[in-house]
Amino acid sequence: MNRRLLSLIAASAIVIAACSGAAASPALTDPRLILANTTTSLQNLKSVHFKVAISGSINSAALTGGSSNTSPAPDASAANLDLSGTTLEGDVDVTDSSGQVAVNVPALLALSANVIEVGGIAYIKTSLSGPQYSKLDTSALTGALPLPSLGLGGSPGPAEASAMISAVQAELAKLPAPTKLADETVNGQDCYHVQEKVASSDIPEASGLLGDASGTLTVDLWTQKSDLRPSRVVILIDAASLGNVSVTVDLTNYDAALTIAAPPPDQVSDQPFSIPGFTP
């Protein structure tokens, strides 16, 4: 065979090998290993976009400390708080310790809210408190607002992050064995699907969340095969007489560059943050 032809074939083979990249990693089949790797994959998280949808209903008497065993009111359904349509969507910048979220809770007087957290200060604007933002120290946010804080206390160092991940993995190891279900495509990503079912009897400490002994918690996790980061988490809580809640969390745009800034001064009120009927 002509030497030039041999050289051309060899060169072509090198190009094809280079374009095809390294051999694909073997597929994971152990659900516990998938969960462990998913937890570890978040260690160097820089940013993420999240979207949360909540549905179901909870016993409002339980929220106020009342007993669900008391005689029902003439309209028993009035005791249930319908969570349908509740959404949260926003971004978290772990590197810059900042975030933003838009919240809608139709069941709470059609409440909508926008929260921006920058430099340890939360700027909050709600449909019940007027068109301007109010400032609130992040440490006081959870106690003052009946919505979850962005929870940004700064990006942990490598040692602290490793300890946190080890603690999470240790708690996962205490749960019943998870199940690996069929792989699926979620948010445009090829994903592993792992499911964990937990009963009240498995975690006595969760009795307040799961109600009586018949309460169950089911968590479905879809993990991206490309980087083992979570793409979707669905949490189903069957708390018997306390209610039933479904929470779907979609996570996208990992490590995208974000610019989260405080609102302009003319959009920020000098008055302290408050919601009539909810805060002092």
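A residue is called buried when its relative accessible area is under 20%, exposed when it is over 50%, and partly exposed in between. Keep in mind that this is a predicted model.

**Exercise 1. Decide whether Asp 183, Asp 190 and Lys 225 are buried, partly exposed or exposed.**

Solution. 
- Step 1: Asp 183 has a relative accessible area of 35%, so it is partly exposed.
- Step 2: For Asp 190 the value is 42%, so this residue is partly exposed too.
- Step 3: Lys 225 comes out at 30% and therefore counts as partly exposed.

**Exercise 2. Find the salt bridges that Lys 225 makes with Asp 183 and Asp 190, and say which parts of the chain they link.**

Solution. 
- Step 1: Recall that side chains of opposite charge can pair when their charged atoms come close.
- Step 2: The cut-off for a salt bridge is a nitrogen-to-oxygen distance within 4 Å.
- Step 3: Between Asp 183 and Lys 225, the N to O distance is 2.8 Å, and their side chains form a salt bridge. This pair links distant parts of the chain, 42 residues apart: Asp 183 is in strand S8, while Lys 225 is in the loop between S10 and S11.
- Step 4: Asp 190 also forms a salt bridge with Lys 225, with the closest N and O atoms 3.5 Å apart. Here the partners are 35 residues apart, and Asp 190 belongs to strand S9.

**Exercise 3. Describe how strand S12 is placed among its partners.**

Solution. 
- Step 1: S12 covers residues 243-252, and seven of its 10 residues are buried.
- Step 2: S1 runs antiparallel to S12, and 10 bridges join the two. Within this pairing, Phe 50 stands opposite Leu 251.
- Step 3: S11 also pairs with S12 in the antiparallel sense, over seven bridges. Look for Val 233, which stands opposite Val 249.
- Step 4: S11 and S12 form a hairpin with four residues between them, and Ala 240 in the turn has a positive phi of about 55 degrees.

**Exercise 4. Which salt bridge joins Asp 250 to a residue of another strand?**

Solution. 
- Step 1: The side chain of Asp 250 meets that of Arg 232 in a salt bridge, at 2.6 Å from N to O.
- Step 2: Asp 250 lies in S12 and Arg 232 in S11, so the pair ties together parts that are 18 residues apart in sequence.
- Step 3: Asp 250 has 14% relative accessibility and so counts as buried, whereas Arg 232, at 25%, counts as partly exposed.

**Exercise 5. Is Ser 231 buried or exposed, and which residues does it touch?**

Solution. 
- Step 1: Locate Ser 231 in strand S11.
- Step 2: Its relative accessibility is 0%, so Ser 231 is buried.
- Step 3: Not counting residues up to four places away in sequence, Ser 231 touches several residues, including Val 186, Cys 191, Trp 222, Val 249 and Asp 250.

**Exercise 6. Which residues have the most contacts inside the largest nonpolar core?**

Solution. 
- Step 1: This core has 39 residues, and those with the most contacts inside it are Phe 50, Val 52, Ile 54, Leu 88 and Val 245.
- Step 2: S1 supplies the largest share of the core, five residues.
- Step 3: Take Phe 50 as an example: among the residues it touches are Leu 88, Val 92, Val 101 and Leu 251.

Key: Residues are numbered from 1 along each chain as its sequence is written. This is a predicted model: local features need pLDDT of at least 70, side-chain atom pairs count only at pLDDT 80 or more; totals for chains, interfaces and linings use all residues. Side-chain values use heavy atoms; hydrogens and water are left out. Buried means under 20% relative accessible area, exposed over 50%, partly exposed in between (1.4 Å probe, protein chains only). Two strands pair if DSSP finds at least two bridges between them. Contact means heavy atoms within 4.5 Å. A nonpolar core is a set of buried Ala, Val, Leu, Ile, Met, Phe, Trp, Tyr and Cys residues joined through side-chain atoms within 4.5 Å.
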